[in-house]
Amino acid sequence: MRIELERRANPSLLFSVISPFLALALTVFAGGIMFALLGKDPVSALYSFFIEPLLDIWSLHEIAIKAAPLILIGAGLSVCYRSNNWNIGAEGQFIAGAIAGAIVPVVFHDWHSSLVLPLMLIFGMIGGALYAAIPAFLKAHMNTNEILTSLMLVYIAQLFLDWLVRGPWRSPDAYNFPVSRDFAPEAILPELVSSGRANLGFVFAVVAAVGLWIMMRYTLKGFEITVLGQSERAGRFAGFSSRRMIWFSMLLSGAFAGLAGISEVSGVIGKLQPVISPGYGFTAIIVAFLGRLNPLGIIAAGLFLALTYVGGEAVQLTLGVSDKVTRVFQGLLLFFVLSCDTLIQYKIRLVFSRFRQTTEGGAH
Amino acid sequence: MPAVGSSAGGPLLAVRSLTKLFGSFAACNGIDLEIQPGEIHALLGENGAGKSTLVKMLFGVLAPTSGEIVWKGDSVRIPSPGAARRLGIGMVFQHFSLFEALTVAENIALSLSPGISLSKVAEEASRLSHLYGLPLDPKAHVADLSVGERQRIEIVRALLQNPELIILDEPTSVLTPQEADRLFETLDKLKAEGRSVLYISHRLEEVQRICDRATVLRHGKVTGACDPRKETPASLARMMVGSDVASVSTAGTNTKGDVLLEARHLSVPARTPFAVALKNVCLKVRGGEVLAIAGVAGNGQGELFDALSGEYPAADASAVFIRNKPAGNLGITARRLMGAGFVPEERHGHAAVPSLPLSDNLVLARSQSDRRTFLGGGVLGIIKHAVVRLASRRISETMDVRKSGDDPAAGSLSGGNLQKYIVGRELDRQPAVLIVNQPTWGVDAGAASRIRQALVDLAKSGSAVLVISQDLDEIFEVATEIAVISEGRLSDVYPAHALTRETIGLLMGGMYGKTEGEEVAHAH
Amino acid sequence: MGIVEAILLTVVTAATPLVLASLGELVSERAGVLNLGVEGMMVMGAVLAFAATQATGSPYVGILAGIACGALFSLLFGFLTLTLVANQVATGLALTILGLGISGQIGEPYVGMSGIKLQPIAIPLLSDIPFIGAVLFKQDLIFYLSIALVFGVNWFLFRSRAGLKIRAIGDNHASAHALGIHVIRTRYLAVMFGGACAGLAGAQLSLVYTPQWVENMSAGRGWIALALVVFASWRPWRLLAGGYLFGAVSISQLHAQALGLGIPSQFLSALPYAATVIVLILISHNRRMTLINTPACLGKPFVPDR
């Protein structure tokens with residue numbers, strides 16, 4: 001039996017809507033098998049992974065907290081990927097944003113003003129954007145592959161943060177723990193509602209995603225992004241510059257990742273420490289694809305992947321399985337998303353060997 | 001020499017009701033065809049008539065949906081090109097199936113049966129290439145070779161198999177008239193040895209010249225089988241097209257106006273290792289003129305288009321003038337705002353984005369020239385989709401673009417219809433200058449004649465039109481002036497009636513006459 | 001053994017996984033397939049090699065397990081990108097994410113366990129040569145394999161018919177298909193070879209480099225291997241040189257830390273990554289060279305007409 005593809009004349013609208021759901025269903029199914037292999041009852045495991053977190057207020061807040069960076073970074077990355085710029089170093093830009101934003105409450109900790117928080121957020125965005133400017137410059141002007149450079153910069157950012165909190169920024173009152181000073185109250189991102197920890201970061205994420213959606217859907221800039229991503233040559237014919245687009249998309253996604261970074265340390269952690277992200281920058285890549293690179297889809301996808309984090313913690317507690325399950329789920333999900341997306345552009349036919357005689361010529 | 005002579009004087013190859021379906025579309029529909037030993041058999045038809053699909057089935061690249069292939073009296077199945085070669089069928093592809101990064105010998109070795117060493121291949125290839133007058137250097141890299149040399153590799157590669165039937169797909173479309181003559185001599189040699197040739201073409205003149213019999217295809221069906229020498233070009237064309245194609249009318253006089261487009265000593269270095277440098281190109285196009293630039297593919301046509309359109313601007317502002325204003329260093333948007341319109345050669349991924357709807361492809365070319373109409377919201381640049389769709393409909397109607405649905409993806413249109421849309425997109429804004437690269441490449445006859453008429457009419461309305469084309473028939477149909485490009489140099493511009501195919505052929509080979517002298521004069 | 005010999009030995013150990021992983025990727029890219037999942041395949045190879053060694057007590061079984069695991073894991077990538085023509089960049093990322101996840105899951109019980117080191121094999125006579133002998137001829141099997149593979153792949157690509165086909169497919173898959181070369185089948189094999197090499201590289205990490213299992217122990221080497229392929233402009237010999245250059249850089253930071261130069265250890269640890277960026281800049285700056293060397297169909301999807 002073989003699989004043959006036949007290109008559709010027009011992309012299938014039906015499958016572009018249902019392919020993410022198909023992928024989700026397949027992921028849940030594969031997850032059930034995985035739990036069974038680990039010797040757990042798949043139904044109850046899946047229940048506590050995917051359903052239970054939705055049933056109490058505390059978990060819902062946790063989901064909002066974890067969805068915020070995922071949506072914010074994922075939305076920024078969607079602009080990159082749509083324009084064919086493969087920024088996979090959002091994790092590094094997240095850290096750079098956190099560090100740059102933290103300059104205000106850590107270095108100038110004696111300064112108390114209502115300007116502290118806005119300044120931190122702006123610094124965070126600038127920090128993320130500047131860090132993304134390195135691969136952007138190298139791609140636009142030195143023709144260097146952005147995939148590899150942006151990724152290498154993640155490792156460098158992680159090491160730099162590690163050095164900061166163990167060295168110059170280590171808190172004087174932390175008994176040699178590698179953490180920075182606690183942020184002062186005015187440097188903390190306010191909570192949204194009194195029922196839990198969810199903070200303003202979630203609002204940033206949703207506003208940013210909706211804003212990008214409007215840009216992609218209605219404006220010439222959005223059109224430019226789409227065209228340059230589909231065909232650089234057609235973009236050049238239209239008078240668009242792919243070099244400027246490299247800068248635009250990388251700086252934008254860097255700024256979003258930086259904002260996510262400073263929001264995370266300001267709203268959730270309250271200080272700098274060696275590890276500030278459970279891989280948000282990488283998970284956001286999955287979010288971007290699961291959301292089909294559409295900012296509104298990315299909001300939904302971000303919430304779902306946040307659920308996998310919270311659900312992963314839940315099964316860790318209730319079933320005693322490792323938190324690595326979360327990463328496996330996320331990886332599987334991306335695989336299924338990419339597989340199902342084939343259905344949008346192609347019809348898939350299964351060819352059984354009895355037809356082989358007539359079709360062998362073009363076969364593999 | 002092949003073991004010529006098949007089963008008792010029967011045909012070498014017979015095809016019976018051969019059909020190929022792509023989904024529900026019949027690319028070939030019940031084709032019957034017979035090829036005798038030692039004949040040159042023409043397969044005639046327009047683009048999209050099913051010629052390529054048919055020969056791909058004969059060469060084992062595509063599997064037939066139904067029907068029978070009979071080789072020397074036996075019904076055969078050809079599951080792969082290897083099987084076709086073993087039977088004795090060789091193929092020279094239209095878009096060469098060569099590997100640029102590999103050497104000539106490696107390219108040839110790839111299509112031979114395993115077990116033959118590379119040095120043997122090189123030896124045998126040199127021997128054959130000399131025998132048939134097709135000189136080749138086995139160690140050369142394909143990337144460095146001209147189109148004509150590349151075709152030689154394909155032919156030698158086919159000959160190494162000692163085939164009894166050689167299929168040539170549109171072999172002269174990339175050759176100068178002189179190179180084509182040399183090819184015909186080779187074909188005559190092959191025929192004299194008793195080999196058969198299946199010669200695919202849409203050029204009636206050469207088919208009449210060299211072919212013994214012809215089979216004509218239209219819309220996937222056989223519409224005629226004849227001796228081409230007993231037909232007239234008009235009767236052959238009718239079999240191909242199904243009706244008389246409107247010939248381009250050049251009636252009425254063109255009133256020559258001011259110079260609207262000018263290149264002054266335009267020189268551009270090669271941008272990539274595979275590109276051609278433009279050397280000191282000078283041309284002038286007045287309002288009312290159609291200047292056609294002839295030339296064999298790969299002599300700098302694409303580079304000239306890039307430099308004139310501003311997709312890759314030159315360093316020097318005075319290298320190009322549009323309506324008497326220097327534009328050499330301006331980008332394509334600025335040149336559009338000066339009144340110029342552009343139609344590049346490649347439809348998919350250059351002139352249009354195949355996955356986007358037609359209306360978006362209208363925005364692609366005109367977002368700035370029609371900014372006031374198409375965009376709102378000031379700096380936000382909000383696209384007024386309703387207005388754009390209306391304009392897109394208008395273009396489709398004017399150019400008679402056949403499509404499914406109101407605003408389908410550009411990639412779903414046939415080549416001819418998409419090209420009509422792309423040309424119509426520019427005509428719709430009445431450009432003072434229009435620059436078109438290969439206006440009817442891969443387009444059916446009906447659409448081609450419509451597009452050519454539109455270009456002629458635009459010039460008559462006072463615009464300057466520059467057409468870059470490899471098709472001499474097209475050039476003689478539309479041009480008022482002709483120049484020839486060769487290796488990035490442009491010949492003098494001649495009035496169209498002052499040139500013949502032969503003189504153009506000489507110019508294509510780089511025989512410039514007084515241009516060289518002028519260059520020397522400039523240098524001093 | 002002198003200090004220079006000791007240092008060279010560590011360079012060899014650090015370079016071997018880079019050479020192996022990038023050699024596999026080189027073959028895959030020569031066939032036109034860009035597999036960004038090297039990191040994932042490597043870490044999967046590392047964990048399975050460790051697990052199999054623990055189960056059987058034989059690191060040689062571990063090596064086989066690492067190779068098999070890498071090849072099988074790469075099939076997943078092949079299925080998506082070759083059969084379903086999914087985007088190669090995104091699928092490669094997915095492979096890496098999945099590999100890091102699954103390996104963490106599988107490796108959980110092995111964390112902190114002391115491993116079984118693959119023992120060197122001294123080659124008679126040659127290993128007695130002063131200096132060179134200790135560095136080159138008293139090594140483990142994986143090192144010998146890595147050198148043999150560089151020779152082998154170089155011969156295969158440029159002297160054998162199958163290698164010619166691989167280069168042809170990477171240059172122009174449509175033409176290769178028209179000539180009757182099995183594009184998809186060959187690409188599957190090239191991808192699996194890449195996976196097997198990455199798996200073997202992973203096995204080297206958990207059996208030789210640091211004989212134990214640590215989560216994410218490939219630590220970006222898969223990505224550095226990708227950079228090495230570009231650095232080597234798709235040629236096995238340059239790749240060998242590049243691998244040893246990078247091996248030397250990553251070892252120099254360890255020695256610098258040991259010397260206590262007063263440079264913060266994090267900065268030294270960042271050295272290999274920074275070096276990768278700098279090397280990428282140096283080679284890609286010459287656009288012309290890159291254009292000539294890059295396989296023309298690299299990363300492009302192929303769907304045959306039927």
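What follows is a chat about domains, chain contacts and a pair of helices in this predicted model.

Trainee: How is chain B divided?
Mentor: Chain B has domain 1, residues 7-241, and domain 2, made of 259-339 + 431-523.

Trainee: And how many Å apart are the C-alpha centres of those two domains of chain B?
Mentor: The centres lie 33 Å apart. Even so, eleven residues of domain 1 of chain B are in contact with 13 residues of domain 2 of chain B. On the domain 1 side, six of the touching residues are nonpolar, four are polar and one is charged.

Trainee: Switching topic: how many residues of chain C are in contact with chain B?
Mentor: 17 residues of chain C are in contact with 21 residues of chain B. The chain C side has seven nonpolar, three polar and seven charged residues.

Trainee: Which helix gives the largest share of that side of chain C?
Mentor: That's α7(C), with six residues. Helices α8 (173-178) and α14 (287-293) of chain C each supply at least two.

Trainee: What about α3 and α4 in chain C, how do their axes cross?
Mentor: The axes of α3 (residues 59-83) and α4 (residues 88-107) of chain C come within 10 Å and cross at roughly 150 degrees. Angles over 145 count as roughly antiparallel, and α3(C) and α4(C) are therefore roughly antiparallel to each other. Their crossing is right-handed.

Trainee: Which residues meet there?
Mentor: From α3(C), they include F73(C), L76(C) and F77(C), and from α4(C), they include T91(C), G92(C) and L95(C). The contact of α3(C) with α4(C) has five nonpolar, five polar and no charged residues.

Terms used
Residues numbered from 1 in each chain as written. Chains lettered and ligands numbered in written order. Predicted model: local features only at pLDDT ≥ 70, side-chain atom pairs only at ≥ 80, totals over all residues. Domains from an automatic or database assignment. Contact = placed C-beta atoms within 7 Å. Nonpolar A, V, L, I, M, F, W, Y, C, P; charged D, E, K, R; others polar. Helix = DSSP H or I, 4+ residues; strand = E, 2+ residues; numbered from the N terminus. Axes fitted to C-alpha atoms, helices over the stretch in contact; angles between N-to-C directions. Parallel < 35°, antiparallel > 145°, perpendicular 65-115°, else oblique. Left-handed = near helix turned anticlockwise from the far one by under 90°.
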